Amino acid sequence: MSTPNIKSKFLGSMIGSALGDCIGELAFRFGNKEDLIKEINNRNIIQYTDDTAMALGIAETIISTNDNWNTQDLGKTFHKNFNKEPYRGYGRGPPQIFRTVEITNESYNKVASKLFGGEGSFGNGASMRIAPLGLFYYDHPEIYKVAKKSATVTHTHPLGIDGAALLAKLNSILIPRKREELFMQEKQNLIDDLIKFSKTNEYKEKLKKIKDLIINSEEMIKAERILGSDVLAYTSVPFSIFAFLYNPESYKKNLLETVLISKDRDTVGAMIGGLLGSYLGIEFIPDEWIQRLENKDYIEELTLKLFDLKK
Ligand SMILES: [Mg+2]
């Protein structure tokens, strides 16, 4: 049995997540499979949104600091990238944080913690951008801590943090794992590991529901009804985890089906695309899609730098 090709999985995760974002975004306007595939093929370039812009910001920060970064460093990268490309479809939170930091000179984390009446955001933002962190720190003993460090630039609520940490953890498990069929028992073990890893009851409960859905071989539609897939992390993160386990074998089929069923489509696309890429590797992502990805060369270059830094 061959050993997993880590480089292919790094590329699979980063490109897979970016393409998921692009295709999910298109799925808002092209809401059935035939139209969506046709639209992708009709375009020379498919564009990504804030999800990928921020994921690239994480990779850039890890590289530029030689893996010696803090929350404030990451905030500065996000901020700079937002100022350069404010048109990426950012939610309300990040621009508000950046503007406040410009005026008050407070830290990103401090400003973020004051959002939503002092509770902090528990939207998808910290989870949607997590792919590069999950893969770069796949063998890190304290991946929860690192994920939290990345989340709290913008998302300080425990539910915003826990979603990011869970996705980072699942990506980290998939990177060194051989691409062999995931049997029922193994899927259940994976979910049990995630239940132990999670720090909030909300996610633990959702993960137990995922386990029941998998054991009962329930369909995606029913899973979406039970788990949700909207802008709140404790809906979209669990749904993406379910969707990955539902059909980990095909990037194309799974991604299309998942984004078309979900509500926050670009973000769920980024999450599921990253997971599938971490599991399958770049060879299993359709080349005709990769060739259309906006800034493909830059994303590849950045991913290979991340891979080299890891070595
Ligand atoms: Mg987006």
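Predicted model: local features only at pLDDT ≥ 70, side-chain atom pairs only at ≥ 80, totals over all residues.
Student: What is I210 in contact with, leaving aside its neighbours within four places in sequence?

Tutor: I191, P238, I241 and F242. A243 is 33 residues from I210 in sequence, and the two are 9.6 Å apart, C-alpha to C-alpha.

Student: How do you know that the buried residues of α14 are on the same side?

Tutor: Start with which they are: in α14, residues 220-227, the buried ones are M220, A223 and L227. They cover an arc of only 60 degrees around the axis, so they share one side of α14.

Student: What does the face turned away carry, and what covers the buried residues?

Tutor: The face turned away from the buried side carries the exposed residues I221, K222 and R225. The cover over the buried residues of α14 includes α13, α15 (233-246) and α16 (251-261). After α14 comes G228, with a positive phi near 85 degrees.

Student: What makes α15 oblique to α17?

Tutor: The axes of α15 and α17 (residues 265-280) cross at roughly 40 degrees and come within 9 Å. Roughly parallel needs an angle under 35 degrees, and roughly perpendicular starts at 65, so α15 is oblique to α17. The crossing is right-handed. By class, this contact has 9 nonpolar, 3 polar and no charged residues.

Student: Which residues meet there?

Tutor: From α15, S236, V237, F239, S240, A243 and F244; from α17, T267, V268, M271, I272, L275 and L276.

Student: Why are α11 and α15 called roughly parallel?

Tutor: Their axes cross at roughly 15 degrees, with α11 spanning residues 158-174. That is under the 35-degree cut-off, so α11 and α15 count as roughly parallel. The axes come within 9 Å, and α11 passes α15 in a left-handed crossing.

Student: What meets what in that pair?

Tutor: L159, G160, G163, L166, L167 and L170 in α11 meet A233, Y234, V237 and I241 in α15. That contact divides into 8 nonpolar, 2 polar and no charged residues. I241 is also among the contacts of I210.

Conventions. Residues numbered from 1 in each chain as written. Contact = placed C-beta atoms within 7 Å. Buried ≥ 20, exposed ≤ 12 C-beta atoms within 10 Å, placed from the backbone. Helix = DSSP H or I, 4+ residues; strand = E, 2+ residues; numbered from the N terminus. Arc of directions from axis to C-beta. Axes fitted to C-alpha atoms, helices over the stretch in contact; angles between N-to-C directions. Parallel < 35°, antiparallel > 145°, perpendicular 65-115°, else oblique. Left-handed = near helix turned anticlockwise from the far one by under 90°. Nonpolar A, V, L, I, M, F, W, Y, C, P; charged D, E, K, R; others polar.
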